[in-house]
Amino acid sequence: MKKILKGIGGLLLHAAVLLVVLLNKYCIDMNETAVMIGAAVWLGLLQLWYRKRTKDRNGKMTALKRVALIVTDVMIYALLFLFVLINPYWNGSSGRLDCFAKQCDGERMISRKEALEDFEYAMKYLERLHPLTMDGLPAEAEEKAQQVRKELSERESIPTYELSRELESVFALFDDGHTHLDEDWAEMHYMKYNYEMKKAGYTSSGSTASASRTF
């Protein structure tokens with residue numbers, strides 16, 4: 001009985017690395033490379049620890065136990081690989097406890113560094129998720145992305161609604177209703193001011209090619 005409990009405890013220690021999947025789904029973003037390296041280190045240390053603790057009467061770990069331990073860790077690591085590097089929803093926010101919380105207002109100013117980080121994050125997951133980007137961004141989208149990247153790098157700061165507009169200028173080129181950005185605004189029903197804003201001289205352009213608007 002003691003050996004069985006010991007075996008179950010050991011298996012749980014090895015499988016504990018998979019808890020990062022739940023932590024990512026419900027709590028925080030995690031860098032994929034860091035997760036995979038950390039998991040490899042954790043499983044490697046457990047391998048060494050078990051080689052010292054799990055021995056027969058002659059003080060050696062049997063070949064069968066050694067193989068079983070290696071196979072178990074390979075399977076666990078392969079499962080983690082699927083969750084982290086293949087799963088399209090890694091770092092997704094739909095399952096987060098605060099997924100409906102307001103992240104920031106559309107008019108907040110952010111620095112060039114923050115804007116470029118947000119832009120690269122969006123491009124990364126666009127290429128990872130969209131079926132048309134299996135071989136990289138289409139030529140037209142790549143050209144537009146380079147243009148937007150250059151424009152952002154030349155600005156000291158930018159309102160988040162303008163960053164959204166720039167991102168949409170890339171996303172709109174895919175011409176589908178699923179590839180878009182949502183914006184947060186201090187006033188949820190800002191469109192009710194549409195008439196007053198047009199009367200004041202503001203204009204709106206809603207072309208699919210640019211997906212831009214000035215209010």
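Predicted model: local features only at pLDDT ≥ 70, side-chain atom pairs only at ≥ 80, totals over all residues.
Me: What makes helix 6 roughly antiparallel to helix 7?
Reply: The crossing angle does. The axes of helix 6 (residues 139–153) and helix 7 (residues 160–171) cross at roughly 160° and come within 8 Å. Angles over 145 degrees count as roughly antiparallel, so helix 6 gets that label against helix 7. As for handedness, helix 6 passes helix 7 in a right-handed crossing.

Me: Which residues in helix 6 and helix 7 meet?
Reply: From helix 6 you have Ala141, Lys144, Ala145, Val148, Glu151 and Leu152, and from helix 7 there are Leu163, Glu166, Ser169 and Val170. Sorted by class, that contact has six nonpolar, three charged and one polar residue.

Me: Why is glutamine 47 called buried?
Reply: Its relative accessibility is 12%, and buried means under 20%, so glutamine 47 counts as buried. You'll find glutamine 47 in helix 3 (residues 32–53). Setting aside residues up to four places away in sequence, glutamine 47 touches Leu69, Ile70 and Asp73.

Me: Where does arginine 112 lie, and what does arginine 112 touch?
Reply: Arginine 112 lies in helix 5. Not counting residues up to four places away in sequence, arginine 112 touches Leu152, Ser153, Glu154, Arg155, Glu156 and Ser157. Take glutamate 154: arginine 112 is 42 residues from it in sequence, yet 8.0 Å from it in space, C-alpha to C-alpha.

Me: What makes a set of residues a nonpolar core?
Reply: The members have to be buried residues of the nonpolar kinds, joined through side-chain atoms within 4.5 Å. The largest such core here has 17 residues, and those with the most contacts inside it are Phe119, Met123, Leu126, Leu137, Leu152, Leu163 and Val170. Helix 5 (112–129), helix 6 and helix 7 each give two or more residues to this core, and helix 5 supplies the largest share, five residues. Apart from this core lies another, of 13 residues, among them Met30, Met36, Ala39 and Val84.

Me: Which residues is methionine 123 in contact with?
Reply: Leaving aside neighbours within four places in sequence, methionine 123 is in contact with Leu137, Ala145, Arg149, Leu167, Val170 and Phe171. As general background, nonpolar side chains tend to be buried together in soluble globular proteins.

How values were computed. Residues numbered from 1 in each chain as written. Heavy atoms only, no water. Axes fitted to C-alpha atoms, helices over the stretch in contact; angles between N-to-C directions. Helix = DSSP H or I, 4+ residues; strand = E, 2+ residues; numbered from the N terminus. Parallel < 35°, antiparallel > 145°, perpendicular 65-115°, else oblique. Left-handed = near helix turned anticlockwise from the far one by under 90°. Contact = heavy atoms within 4.5 Å. Nonpolar A, V, L, I, M, F, W, Y, C, P; charged D, E, K, R; others polar. Buried < 20%, exposed > 50% of the residue type's maximum accessible area, 1.4 Å probe, protein only.
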